[in-house]
Amino acid sequence: ERDELHVEHAYDMIVVSNRLPVDYQAGPNGETQWRNSPGGLVTALEPVMRAADGAWVGWTGIADREFDPFEHDGISIIPVPLTASELEEYYEGFSNDTLWPLYHDVIAPPSFHREWWDAYVRVNRRFAEAAARAASDGAVVWVHDYQLQLVPRMLRESRPDLVIGFFNHIPFPAYGIYSQLPWRRQVIDGLLGADVIGFQRAADAGNFSRAVRRLFGYTTRGTIIDVPDSRKAGETRRVVARHFPISIDVAGFEEIARRPEVQARAREIRSSLGDPETIMLGVDRLDYTKGIRHRMKAFGELLRDGRLSVETATLVQVASPSRERVETYRQLRDEIELMVGRLNGDHSTLGHQAIAYLHHGYPREEMVALYLAADVMLVTALRDGMNLVAKEYVACRFDDDGVLLLSEFTGASDELRQAVLVNPHDIEGLKDAMVEAVRMPKRERTRRMRALRKRVRENDVANWSATFLETLTGAGIIQPGVSDP
Ligand code: GDG
């Protein structure tokens, strides 16, 4: 019966993202099982989806296999299939080796391949068609992220009755960089099919509006863009492009942090590291945007110069495996692991390790225990749409202690002004900031952490999705409080 879920024009609310919020698992007898894949987006949208009779359109994570729509935990799941070669060209290629580096200010050189673009168009069309089939008359469709930028236009062409939103989770670059993209007009036109286009930072929305003016010459007023209506000659549609900074399930993280067994685990982590005075922590997907090398370089120099010592300070670096089939990521892993080996070889003693390097993913409880154990949290991204790790660290510190060192190049730094803000390219400045964080007096740590926690509580992920959806469904098409970026 599961397999006969009737999806034609059935749903008033549809979320479209590259990956579905569930992971496939073969059961003991080879049967299909689905597990929640723990992600912020699922937590944010689950209540909305349940309340609104929602469906989620996306890929299952398994190539070359078709799955029928099914129901999971009260959400209708509509799988979109991808072949192995589409996975290579649309996902690993165009999404992760063209758009990702380009949108992160070309920290790594983007590759431009016409076959990858063709696959991107083809796969975007498949996602758009699946959403169009499932959407009821006048439904709200919310499309997510850089893998699916053409979907809003494709949807609007086939289903002008729909209310279409798009949210970009990564930065949108300045025009001088964006304009390198051979398909720069097609991508902007794809996005302009939406009614509301959301970004992390005001600066991203500003970059987008400038690109629209440069490439199309459309009029923009503050967050409003007048886009010619392809169905009514001479008329325009209003498109809103503004920032909606994403957040986390703040109460959920704090609840885990308050569990006695998680606090016991935090103490255990401390003692297993040899009870150093200071534990510094980095938590990132192993990605070149995260500034992991910059952070380790600064830490290594502090040890070399005797400003820190392994007897008193340890750096724990969780680098969760990511995009391992993309060559740039393989190279990065080699570079990082060479660096860890050298630094540990130079500085570790039998009793004290300089860097505890962990190339694993961990359960959320373990991440929270690490946050509780960390005296200094190092977020040194060279470019990051938001950076949820920074917000998670703050949400977990109900003890009002711990120091967040945060790169100015993260979206989170727009809100988390009480962090120790750094430019990770400035290694000397980074070293000074790390020493400042280690030595910060308790009173100042508390003062800053209280302010940070207030900020994070004020905008949690439920707030984020509600604000976006209110704007999308008309409650706030003109946002008085939001100034011209
Ligand atoms: C993109 C944008 C934007 C990491 N390792 C483990 C683990 N994580 C979790 C973290 C955090 C999430 O993954 C990573 O989120 P970030 O925001 O830090 O970075 P991206 O993955 O690059 O996310 C980013 C975000 O989208 C949302 O819009 O903020 O800028 O790049 O939640 O905790 N979680 C567990 N084990 C791990 O080993 N359980």
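Me: How many bridges join S11 to S12, and do they run parallel or antiparallel?

Reply: Strand S11 (residues 224-228) and strand S12 (residues 236-243) run antiparallel, joined by 5 bridges. Strands here are DSSP runs of E with at least two residues, helices are runs of H or I with at least four, and both are numbered from the N terminus. Two strands pair if DSSP finds at least two bridges between them.

Me: Before we go on, what kind of model is this?

Reply: This is a predicted model, in which local features need pLDDT of at least 70 and side-chain atom pairs count only at pLDDT 80 or more, while totals for chains, interfaces and linings use all residues. Residues are numbered from 1 along each chain as its sequence is written.

Me: Which residues of S11 are on the covered face?

Reply: Ile225 and Val227 make up the covered face, and Ile224, Asp226 and Pro228 the uncovered one.

Me: And how does S10 pair with S11?

Reply: They pair in the antiparallel sense over 2 bridges, and Thr220 stands opposite Ile225 in S11. The hairpin they form has 2 residues between the strands, and Gly222 takes a positive phi near 60° there.

Me: What sheet are those strands part of?

Reply: They belong to an open sheet of 10 strands with mixed pairing, in the order S5-S6-S4-S1-S7-S8-S9-S12-S11-S10. Its edge strands, strand S5 (70-72) and strand S10 (220-221), each pair on one side only.

Me: What about the S5 end: where is Asp73?

Reply: Asp73 is in the loop between S5 and strand S6 (75-79). Asp73 has a positive phi of about 55° although it is not a glycine.

Me: Where does Asp64 sit, and what is its phi?

Reply: Asp64 lies in the loop between strand S4 (54-59) and S5, with a positive phi near 60°.

Me: Is Asp64 buried or exposed?

Reply: Asp64 is exposed, as 11 other C-beta atoms lie within 10 Å. The cut-offs, with C-beta atoms placed from the backbone, are 20 or more other C-beta atoms within 10 Å for buried, 12 or fewer for exposed, and partly exposed in between.

Me: Switching to helices: how many residues does H11 have?

Reply: Helix H11 (residues 327-347) has 21 residues, and from its first C-alpha to its last it reaches 30 Å, close to the 30 Å expected at 1.5 Å a residue. The expected span is 1.5 Å times one less than the number of residues.

Me: Which residues of H11 are buried?

Reply: Tyr329, Leu332, Val340 and Leu343 are the buried ones. They cover an arc of only 70° around the axis, which puts them on the same side of H11; the arc is that of the directions from the helix axis to the C-beta atoms. On the other side, the exposed residues include Glu327, Gln331 and Asp334.

Me: One last topic: which residues come nearest to the ligand?

Reply: Of the 20 residues around the ligand, His169, Gly361, Gly385, Met386 and Leu388 come nearest. A residue is near a molecule or strand if its C-beta atom, placed from the backbone, lies within 6 Å of it.

Me: Which helix gives the largest share of that shell?

Reply: H13 does, with 3 residues.
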